[in-house]
Amino acid sequence: GTKYSECLAIKPNDAYCLYNWGLTLSQQAKLVPQGPKSSKLFILAAEKYERAVMLHPGDFRALAKWGTDLLDQARHGEGEVASDLLNKAIEKLKASLDILPVQFRIQYNTGMACLLLAKTMLRSAPQPSPSSSSSSVPPSPQVTGTGVLVGSSGSDGEPLGSFEVATRLLHESITHFNITLELQPKLGDAWRNLGVAAATLARISTALGTEEQERLYGASYEAYQKAHDINSNDAEITFDWGNALYRHAKILIGMSTTSSLASSSSLSPSL
């Protein structure tokens with residue numbers, strides 16, 4: 001940091017120097033155990049990125065790295081702390097995409113931030129009943145000919161609860177993963193997390209009906225297959241794929257049981 005400080009003493013408005021100083025602090029934060037010291041280094045790095053952006057508002061790299069650092073910190077947090085970090089990460093990453101939307105890594109990280117925030121919110125959000133959620137939950141994403149999900153959005157102007165916000169975040173993550181894969185089709189992690197987002201949306205979208213859930217689960221399996229084709233030794237792919245199959249099976253078993261009970265009831269003689 002001494003050299004960067006000397007550089008800024010000579011040239012105080014050097015945004016590139018501030019950006020590099022932030023990068024150095026960020027790398028140092030990742031080399032020490034997670035805790036107060038790493039948090040302080042990340043805060044110092046964020047201060048450098050913020051100053052760089054103030055001097056050069058079009059510096060998408062500083063915004064993207066700022067957002068990525070916040071995303072990395074959120075992975076080690078929980079509850080409101082993680083949610084706050086992820087909200088800030090999404091803000092910085094989207095600001096970067098406004099400047100350079102064709103950078104696949106920024107698109108991917110934005111998708112990850114949206115996905116993680118949705119999952120964080122769902123852990124504490126009560127799932128509404130189908131009758132109460134059908135009007136506020138946006139329609140399911142569509143599946144293209146290649147099995148890729150295309151996120152759709154809708155806004156009725158009404159305040160949304162945490163469940164509805166989480167649902168919309170899943171749609172956003174799907175959109176960002178799709179764009180990532182258009183730019184970098186062989187990015188296995190993007191295919192895997194597209195599968196996670198689709199399977200999560202299928203699991204919570206009871207208001208969308210059986211056909212929509214089946215379609216979403218089918219699309220998630222296609223995404224997992226593509227991820228496996230690229231990274232066949234990645235255990236996380238098979239783990240997530242297995243989780244989706246398990247939850248899908250539980251839904252089908254529940255439907256079968258309900259159907260059997262209804263059938264038995266209709267065949268019972270009247271008293």
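Figure 1. Read along the sequence, the elements follow the pattern α-α-α-α-α-α-α-β-β-α-α-α-α. The model shown is predicted. The protein contains 11 helices and 2 strands. Of its 271 residues, 43% are buried.

**Figure 2. Close-up of helices H2 and H3.** Helix H2 covers residues 15-31 and helix H3 covers residues 36-55. Their axes lie 8 Å apart, and the packing angle is about 165°. H2 and H3 are therefore roughly antiparallel to each other, since an angle over 145 degrees counts as such. The crossing of these two helices is left-handed. From H2, the contact is made by Ala 15, Leu 18, Tyr 19, Trp 21, Gly 22, Leu 23, Leu 25, Ser 26, Gln 28, Ala 29 and Lys 30. From H3, the residues in the contact are Ser 38, Leu 41, Phe 42, Leu 44, Ala 45, Lys 48, Tyr 49, Arg 51, Ala 52 and Leu 55. By class, the contact of H2 with H3 holds 14 nonpolar, 4 polar and 3 charged residues.

**Figure 3. Close-up of helices H4 and H5.** Helix H4 spans residues 60-74, and helix H5 spans residues 79-99. H4 and H5 pack at an angle of about 160°, and their axes are 8 Å apart. The two helices are therefore roughly antiparallel to each other. H4 passes H5 in a left-handed crossing. On the H4 side, the contact is made by Phe 60, Leu 63, Ala 64, Trp 66, Gly 67, Thr 68, Leu 70, Leu 71, Gln 73 and Ala 74. On the H5 side, the contact is made by Ala 82, Leu 85, Leu 86, Lys 88, Ala 89, Lys 92, Leu 93, Ala 95, Ser 96 and Ile 99. The residues of the contact between H4 and H5 divide into 14 nonpolar, 4 polar and 2 charged.

**Figure 4. Close-up of Gln 73 in helix H4.** Gln 73 is located in H4 and is one of the residues through which H4 contacts H5. Gln 73 counts as buried because its relative accessibility is 14%, under the 20% limit. Leaving aside residues up to four places away in sequence, Gln 73 touches Phe 42 and Leu 85. Leu 85 is among the H5 residues in the contact of H4 with H5. Phe 42 is among the H3 residues in the contact of H2 with H3.

**Figure 5. Close-up of helices H6 and H9.** Helix H6 runs over residues 104-122 and helix H9 over residues 188-204. Their axes come within 11 Å and cross at roughly 30°. That angle makes H6 roughly parallel to H9, because it is under 35 degrees. The crossing of H6 and H9 is left-handed. H6 contributes Tyr 108, Met 112, Leu 115, Lys 119 and Leu 122 to the contact. H9 contributes Asp 189, Ala 190, Asn 193, Val 196, Ala 197, Thr 200 and Ile 204. The contact of H6 with H9 has 8 nonpolar, 2 polar and 2 charged residues.

**Figure 6. Close-up of Asp 189 in helix H9.** Asp 189 is found in H9 and belongs to the contact of H9 with H6. Its relative accessible area is 31%, so Asp 189 is partly exposed. Not counting residues up to four places away in sequence, Asp 189 touches Tyr 108, Asn 231 and Asp 234. Tyr 108 is one of the H6 residues in the contact of H6 with H9. Asp 189 and Asn 231 are 42 residues apart along the chain, and their C-alpha atoms are separated by 8.6 Å.

**Figure 7. Close-up of the largest nonpolar core.** This core has 64 residues. Those with the most contacts inside it are Leu 115, Leu 169, Leu 170, Leu 194 and Tyr 224. H6 gives the most to the core, with 10 residues. Leu 115 is also part of the contact of H6 with H9. Apart from residues up to four places away in sequence, Leu 169 touches Ile 90, Cys 114, Leu 117, Ala 118 and Met 121.

Figure 8. Gly 242 lies in H11, which covers residues 235-267. With a relative accessible area of 34%, Gly 242 is partly exposed. The C-alpha atoms of Gly 242 and Tyr 224 are separated by 10.0 Å, and these residues are 18 residues apart along the chain. Tyr 224 is one of the residues with the most contacts inside the largest nonpolar core.

Definitions and conventions:
Residues are numbered from 1 along each chain as its sequence is written. This is a predicted model: local features need pLDDT of at least 70, side-chain atom pairs count only at pLDDT 80 or more; totals for chains, interfaces and linings use all residues. Side-chain values use heavy atoms; hydrogens and water are left out. Helices (H or I, at least four residues) and strands (E, at least two) are DSSP runs, numbered from the N terminus. Buried means under 20% relative accessible area, exposed over 50%, partly exposed in between (1.4 Å probe, protein chains only). Contact means heavy atoms within 4.5 Å. Axes are lines fitted to C-alpha atoms, for helices over the stretch in contact, and angles run from 0 to 180 degrees between N-to-C directions. Angles under 35 degrees count as roughly parallel, over 145 as roughly antiparallel, 65 to 115 as roughly perpendicular and the rest as oblique. A crossing is left-handed if the near helix is turned anticlockwise from the far one by less than a right angle, and right-handed if clockwise. Ala, Val, Leu, Ile, Met, Phe, Trp, Tyr, Cys and Pro count as nonpolar, Asp, Glu, Lys and Arg as charged, and the others, Gly among them, as polar. A nonpolar core is a set of buried Ala, Val, Leu, Ile, Met, Phe, Trp, Tyr and Cys residues joined through side-chain atoms within 4.5 Å.
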